[in-house]
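Hi,

Here is the structure I promised to pass on.

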Amino acid sequence: MPTTPRDVFYATTPIFYVNADPHIGHAYTTILVDVAARYHRLAGDDTYFLTGTDEHGEKIQKAADAAGTTPQAYVDRVSETFKSTWDKMGISYDAFIRTTESRHQQVVQDILQRVYDQGDIIYGEYGGLYCVKCERYYTEKELEGGLCPQHEIEPEYRSEANYFFRMEKYRPWLKDAIESQPDLIRPEGYRNEVLAMLREPIGDLSISRPRARVPWGIPLPWDSDHVTYVWFDALLNYYSELESKGLVDRYWRHAQHFIAKDIVKPHGVFWPTMLKAAGLPLFKHLNVHGYWLSDERKMSKSLGNVIRPLDLHDRYGNDAFRYYLMRDMTFGLDASFHELGLAERINADLANDLGNLLNRTLGMLGKYRGGVVPAFGPLDADTQALSDRFTALPDEVLDLVEELQFDRALDRVMEGVREANRYVSEKKPWELAKDDAKADELDTVLRACLEALRVASILLEPVMPEKMQALRTQLGVTSDVTLEDARRFDGLQGGSQAQPGEPLFPRVDLDALKESLAGDTEAPAEALEHKDTVTIDDFAKLEFRVAEVVAAEDHPKADRLLVLTLQVGPETRTVVSGIKPHYTADTMVGKKVIVVANLAPAKLRGIESQGMILAAEDADGKLSLAGLDVDLPSGSEVR
Ligand code: ME8
């Protein structure tokens, strides 16, 4: 029987920029919201899960130019890549919004007009330091060593006549709102970060760009010479989705945004003040997680350390990958992504603890009871304790999920599984099986293990949807389950037949993995140096791009090195190159070169090089840069 919903859960991921394909950072937030949504659905909550893509702005326009295509064709293609990646990964989103959809644009224009009419948008001149990759101005104080803290690039000075949203006016209100609602921004560290921003003037927010410079955006309804600043446009997706579908009353006040720490300011400062000015209520929570680091650094295309989610999903299976991401990150803190860590986690928790309980239980059930699920005999104290532990788990797990402690929620279930394994070792069913007088006791032990597996499978299903259904199929349960089914320790049908199958989580061969990981980092460079043959797969790992040298200078600490600033499509990066005896700094500017774009960054005499440019060398050591026959835009791929 359908029950009345316990609660309402409206959850959003950031809408991702379409200037690059999805990496595991994007996958993490999306999987996280998927997991949260699945727990809420399991609890019977009225759940709505929104994701999508952020498709306007200068950065997208530049990426489209670099790809030699129109912005619309470009955003259509990359948005589809995001969508199909999430589909392949079984993400259960209820809606996928694109900011180029007319239903979204309409809501943005309506809200802009409303805020303009009430006098909260004014026209003025502004100059400041702007990071194109973040699409926002930075104050001197926010920069680290003069660089954008997110992208480690120097912001450019810009001054423009734009429309401004009178954000500063709402600062006292926002400070009060955050102070009076301690869990509005969670975890606390990020709440404090926003409160610290609000201790000083936040200024007014430039919310338009001249159309002559940035045509790719939503025109301001009262002045079509200007388009809407991408953040003002993008943040409104969370609301336009509901507004355009008549769902505001049902979901808006339950909104929970999930983001990483890179976009705390737009979400913690711009967004609430925009809502206030538009006369709309605040969201319920802003939930901020940390970064997945690769090589101990934030993953980014320009640093060449991006991990692609589908590679891992293909290699280890979707569910094991999801389990690792959820188990190995504590919400709010950074975590390091290591393939070896992923494999070790699979072996320890999934193959050893859970897989072992399933295999030994079904093995014994087959051997001693022909695979037929027995009824419980009398419950002894140990079995009762196991039952108590498992029936308490659903509430514990949901409470932890509510507090965003997904890692602890999973660990609670796994502790239960480990406890069940200990119970088997102590009860020694193989001994009980030798004594006919202990048949009831044996039934009890087998049944208790089957029930433990069933309950664990329900509570782990939001994280591992396919494998946990497969697990229950092996137990002989094929019907849908609810949270209520997890609250009982007698949910199986006595007399039903188990259906043992393939092991759910094969062990990963760690030695082989270590060898291949060591090989991965050395193979391409070494093979090229020694002119060994490489496989097509090795070659496909390298990414070559056309780059334009926009600045060059001598390395301050090395005679033979030049420090080049390259424009690679929309990205700017630094490459340190040993071409100096043959090319001087001033002759390099303006040249088109070919760069190995996904080389791990390396420091050369104190300056980090984010790639390598190609040059031919003759027997006398004379160099000639590899170039293009016909001029192509920077960022073009070389295959
Ligand atoms: O900022 N670790 O889009 P974006 C964890 N379009 N999460 C990561 C991550 C990492 N290393 N890297 C990225 C934008 N993410 C705007 C958002 S919303 C109205 C507009 C995830 O494509 C994380 O969720 O740069 C982060 O906040 C988001 O990707 C940034 O995605």
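Below are my notes on the cavities and on one threonine.

Before anything else, please keep in mind that this is a predicted model.

Searching the whole structure turns up 5 cavities of 30 Å³ or more. The largest cavity comes out at about 60 Å³, and 13 residues line it. Nearest its centre are Gly 57, Glu 58, Arg 209, Thr 228 and Val 230. Sorted by class, that lining has 6 nonpolar, 4 polar and 3 charged residues.

The second largest cavity, at about 50 Å³, sits between two domains, because domain 1 (8-289) and domain 2 (336-486) both give residues to its lining. Among the lining residues are Phe 9, Ala 36, His 40, Phe 258 and Glu 402. Helix α1, strand β13 (255-260) and helix α14 (381-402) each put in at least two residues.

Now the threonine. Thr 29 belongs to helix α1, which covers residues 24-42. Is Thr 29 buried or exposed? Its relative accessibility is 3%, and buried means under 20%, so Thr 29 counts as buried. The Thr 29 side chain makes a polar contact of 2.9 Å with the side chain of His 289. Beyond its neighbours within four places in sequence, Thr 29 also touches Thr 13, Pro 14, Phe 16, Phe 258 and Ile 259. Phe 258 turns up again here, having been listed in the lining of the second largest cavity.

Cheers

Terms used: Residues numbered from 1 in each chain as written. Predicted model: local features only at pLDDT ≥ 70, side-chain atom pairs only at ≥ 80, totals over all residues. Heavy atoms only, no water. Helix = DSSP H or I, 4+ residues; strand = E, 2+ residues; numbered from the N terminus. Buried < 20%, exposed > 50% of the residue type's maximum accessible area, 1.4 Å probe, protein only. Polar contact = N/O pair within 3.5 Å; in protein donor to acceptor, adjacent residues only side chain to side chain. Contact = heavy atoms within 4.5 Å. 1 Å grid on protein atoms, 1.4 Å probe; cavity = no way out; pocket = protein on both sides within 12 Å on 5 of 7 lines; lining within 4 Å. Points joined across faces, edges and corners; volume = space filled by probe spheres on them. Nonpolar A, V, L, I, M, F, W, Y, C, P; charged D, E, K, R; others polar. Domains from an automatic or database assignment.
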